[in-house]
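Please consult the sequence and the structure shown below while reading.

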Amino acid sequence: MDLIIETAKKGKAVVLTVKGRLDAATAPEFITICDGLIAAGDVSLIADLGQLEYISSAGLRSILATAKKLKGLQGQIIFCNLTGMVKDVFNISGFTTMFTMHATLDEALAGC
Amino acid sequence: MDTLCLPARIESFTQFRDFVFGKLSEGKVAEASFPKIELILEEVLTNVFYYAYADGQGEVELACGLRGDMLHLSVADRGSPFNPLDSPPPNLSDDIEERTVGGLGIYFVREMVDDITYERRDNRNILTMSINVSQ
């Protein structure tokens with residue numbers, strides 16, 4: 001599996017269910033999808049990473065690029081459901097403290 | 001150590017990964033260490049793919065061997081001299097606007113390997129790493 005992203009509008013927020021791999025090969029797709037949402041006026045994003053199996057620094061770079069654009073528009077991207085190596089990589093890179101993190105999607109939706 | 005030499009471009013990555021994973025399947029390797037090894041490989045190899053050759057033309061050679069619990073990897077290229085271990089520490093600021101992600105890849109590698117050395121020999125950059133794969 002490469003990268004699959006499903007999007008669903010939940011109230012004011014858009015939930016991105018991110019599955020598979022966010023790496024040097026697939027990170028541009030993540031940027032394209034987020035840019036599309038931002039262009040449509042959606043600036044409150046929740047990324048559910050429960051089915052993301054792998055992320056590298058290229059994946060983190062695409063997330064940070066999106067977060068910077070959202071910040072400039074008074075929006076944000078928050079994260080939930082991190083597991084395994086994705087959780088480890090977020091921790092090592094300090095992304096866990098830079099971003100709002102939730103254990104579950106329900107908690108993330110409640111916090112929006 | 002077995003070696004695989006391929007063009008230094010992103011399209012070669014899957015072959016390098018399958019080569020190393022094939023080696024791992026010969027030993028008793030913890031399932032949990034596969035993504036860690038893949039991350040180390042991606043960060044080291046993409047650095048070579050994107051930066052080693054100014055004209056984008058060149059090769060990268062990966063040597064791989066498993067001895068007991070230790071995986072040994074060696075990545076060599078003939079590009080411009082570059083010691084990734086000299087890279088400045090990454091910016092780990094908590095502020096989204098100030099944060100950059102330059103240097104994060106090599107930082108992951110240093111955090112995850114048990115041993116890493118760089119040498120410039122015979123006009124080649126050679127990065128050698130050892131990783132414990134029992135956990």
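Two strands are said to pair if DSSP finds at least two bridges between them. The model discussed here is predicted.

**Strand pairing in chain A**

In chain A, β1(A) and β2(A) meet this criterion with 8 bridges and pair in the antiparallel sense. Within this pair, Glu6(A) is found opposite Thr17(A) of β2(A). The hairpin formed by β1(A) and β2(A) has 2 residues between the strands, and Gly11(A) adopts a positive phi near 65° there.

**Strand pairing in chain B**

Strand β2 (residues 59-67) of chain B runs antiparallel to strand β3 (residues 70-77) of chain B, and 8 bridges join them. Their hairpin has 2 residues between the strands, with Gly68(B) at a positive phi near 60°. β3(B) also pairs with strand β5 (residues 124-132) of chain B, in the antiparallel sense and over 8 bridges. Val75(B) of β3(B) stands opposite Leu62(B), and its bridge partner in β5(B) is Leu127(B).

| Residue | Location | Phi |
|---|---|---|
| Gly11(A) | hairpin of β1(A) and β2(A) | near 65° |
| Gly68(B) | hairpin of β2(B) and β3(B) | near 60° |
| Gly41(A) | following α1(A) | near 95° |

**Helix α1 of chain A**

Which residues of α1(A) are buried? They are Ala27(A), Phe30(A), Cys34(A) and Leu37(A). These residues cover an arc of only 85° around the axis and therefore lie on the same side of α1(A). An α-helix has 3.6 residues a turn, so residues three or four places apart point the same way. The buried residues of α1(A) are covered by elements of chain A that include β1 (3-10), β2 (13-22), β3 (44-55) and α2 (57-72). On the face turned away from the buried side, α1(A) carries the exposed residues Pro28(A), Thr32(A), Gly36(A) and Ala39(A).

**Contact between the chains**

The contact involves 21 residues from chain A and 18 residues from chain B. On the side of chain B that touches chain A, the elements giving two or more residues are α2 (33-51) and α3 (104-112) of chain B. The largest share, 7 residues, comes from α2(B). By class, this side of chain B has 8 nonpolar, 8 charged and 2 polar residues.

How values were computed
Residues are numbered from 1 along each chain as its sequence is written. Chains are lettered from A and ligands numbered from 1 in the order in which they are written. This is a predicted model: local features need pLDDT of at least 70, side-chain atom pairs count only at pLDDT 80 or more; totals for chains, interfaces and linings use all residues. A residue is buried if 20 or more other C-beta atoms lie within 10 Å of its own, exposed if 12 or fewer, and partly exposed in between; C-beta atoms are placed from the backbone. Helices (H or I, at least four residues) and strands (E, at least two) are DSSP runs, numbered from the N terminus. The arc is that of the directions from the helix axis to the C-beta atoms. Two residues are in contact if their C-beta atoms, placed from the backbone, lie within 7 Å. Ala, Val, Leu, Ile, Met, Phe, Trp, Tyr, Cys and Pro count as nonpolar, Asp, Glu, Lys and Arg as charged, and the others, Gly among them, as polar.
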